[in-house]
Amino acid sequence: MLENSFVMVAIILIINIVYVSFFTIRMILTLKGQRYLAAGLSTIEVVIYVVGLGLVLENLNEIQNLIAYAVGYGIGVIVGMKIEEKLALGYITINVITKEYDVDLPKSLRALGYGVTDWAAHGLEGDRMAMQILTPRKYELKLYEKIKELDPKAFIIAYEPKSIHGGFWVKSVRKGKLFS
């Protein structure tokens with residue numbers, strides 16, 4: 001079966017897509033502190049890597065195998081990133097500065113289950129309201145939509161917190177009580 005050049009290229013391509021997808025997800029898990037899951041995934045990853053690299057090295061005189069390996073690597077990075085986007089691991093913190101001070105905006109977001117801290121802010125053109133909102137990443141896009149619906153001119157900055165400690169909201173999220 002491996003004598004057929006097309007089949008060999010397809011196998012190498014698929015193996016490398018799977019390997020690099022695992023590699024990408026493992027790196028993200030490592031960065032998010034999921035060390036045991038990352039370690040388990042790396043065990044599978046290295047087996048796939050050795051098999052794929054072995055196929056290329058055994059047939060190094062076939063340039064199409066090397067090309068398939070390289071193309072599979074590139075596609076694997078994209079596939080791994082797409083998988084991580086779907087998993088949406090961790091939390092996101094969103095800072096919002098509104099055009100006008102609106103007391104109802106934080107209340108509306110809290111009613112949806114988001115953790116919101118708000119305060120009066122002063123910008124170049126007058127009074128504003130600043131909010132810091134914490135949410136699981138899987139709700140990030142819904143939160144953006146809601147903010148834009150409530151204040152289309154809101155200034156939004158998002159970042160991932162490295163660690164979270166304390167507060168009532170974290171306990172609620174862990175119990176699955178966010179209902180956005």
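How many bridges pair β2 and β3, and in which sense do the two strands run? β2 and β3 pair over nine bridges, in the antiparallel sense. The structure is a predicted model. The briefing takes the sheet, then the helix pairs, then the UniProt annotation.

**Sheet layout**

- Four strands make up an open sheet, in the order β2-β3-β1-β4. The pairing in this sheet is antiparallel.
- β2 (115-123) and β4 stand at the edges, and each has a single partner strand, so one side of each is left without a neighbour in the sheet.
- On average, neighbouring strands of this sheet are turned by 20° against each other, direction ignored.

**Strand pairs**

- β2 and β3 form a hairpin, with two residues between the strands. Within this pair, Ala120 has Met129 of β3 as its bridge partner.
- Strand β1 (residues 91-97) pairs with strand β3 (residues 126-136) over seven bridges, in the antiparallel sense.
- Thr93 stands opposite Leu134 in β3. Asn95 has Gln132 as its bridge partner in β3.
- β1 also pairs with strand β4 (residues 155-159): five bridges join them, and the two strands run antiparallel. Val96 stands opposite Ile156 in β4.

**Helix α4 against helix α5**

- Helix α4 (residues 104-111) packs with helix α5 (residues 140-150) at an angle of about 150°. Their axes are 11 Å apart.
- An angle over 145 degrees counts as roughly antiparallel. α4 and α5 are therefore roughly antiparallel to each other.
- The crossing of α4 and α5 is right-handed.
- α4 brings Leu105, Ser108 and Leu109 to the contact. α5 brings Leu143, Lys146, Ile147 and Leu150.
- By class, the contact of α4 with α5 has five nonpolar residues, one polar and one charged.

**Helix α2 against helix α3**

- The axes of helix α2 (residues 35-58) and α3 come within 9 Å. The two axes cross at roughly 150°.
- That angle makes α2 roughly antiparallel to α3.
- On the α2 side, the contact is made by Tyr49, Gly52, Leu53 and Val56. On the α3 side, Asn65, Leu66 and Tyr69 take part.
- The residues of the contact of α2 with α3 divide into five nonpolar and two polar, with no charged residue.

**Helix α1 against helix α3**

- Helix α1 (residues 5-31) and helix α3 (residues 63-87) have axes that come within 6 Å. The axes of α1 and α3 cross at roughly 35°.
- The crossing of α1 and α3 is right-handed.
- In the contact of α1 with α3, 19 residues are nonpolar, nine are polar and one is charged.

**Annotated stretches**

- The UniProt annotation "transmembrane region", from an unreviewed entry, covers residues 6-29, 36-57 and 63-81.
- Residues 6-29 are 100% helix and 0% strand in the model. The end C-alpha atoms of residues 6-29 are 35 Å apart.
- Residues 63-81 are also 100% helix and 0% strand. Here the end C-alpha atoms are 28 Å apart.

Terms used: Residues are numbered from 1 along each chain as its sequence is written. This is a predicted model: local features need pLDDT of at least 70, side-chain atom pairs count only at pLDDT 80 or more; totals for chains, interfaces and linings use all residues. Side-chain values use heavy atoms; hydrogens and water are left out. Axes are lines fitted to C-alpha atoms, for helices over the stretch in contact, and angles run from 0 to 180 degrees between N-to-C directions. Angles under 35 degrees count as roughly parallel, over 145 as roughly antiparallel, 65 to 115 as roughly perpendicular and the rest as oblique. A crossing is left-handed if the near helix is turned anticlockwise from the far one by less than a right angle, and right-handed if clockwise. Contact means heavy atoms within 4.5 Å. Ala, Val, Leu, Ile, Met, Phe, Trp, Tyr, Cys and Pro count as nonpolar, Asp, Glu, Lys and Arg as charged, and the others, Gly among them, as polar. UniProt positions are given in the numbering used here, feature names are shortened, and annotations may be inferred rather than shown by experiment. Two strands pair if DSSP finds at least two bridges between them.
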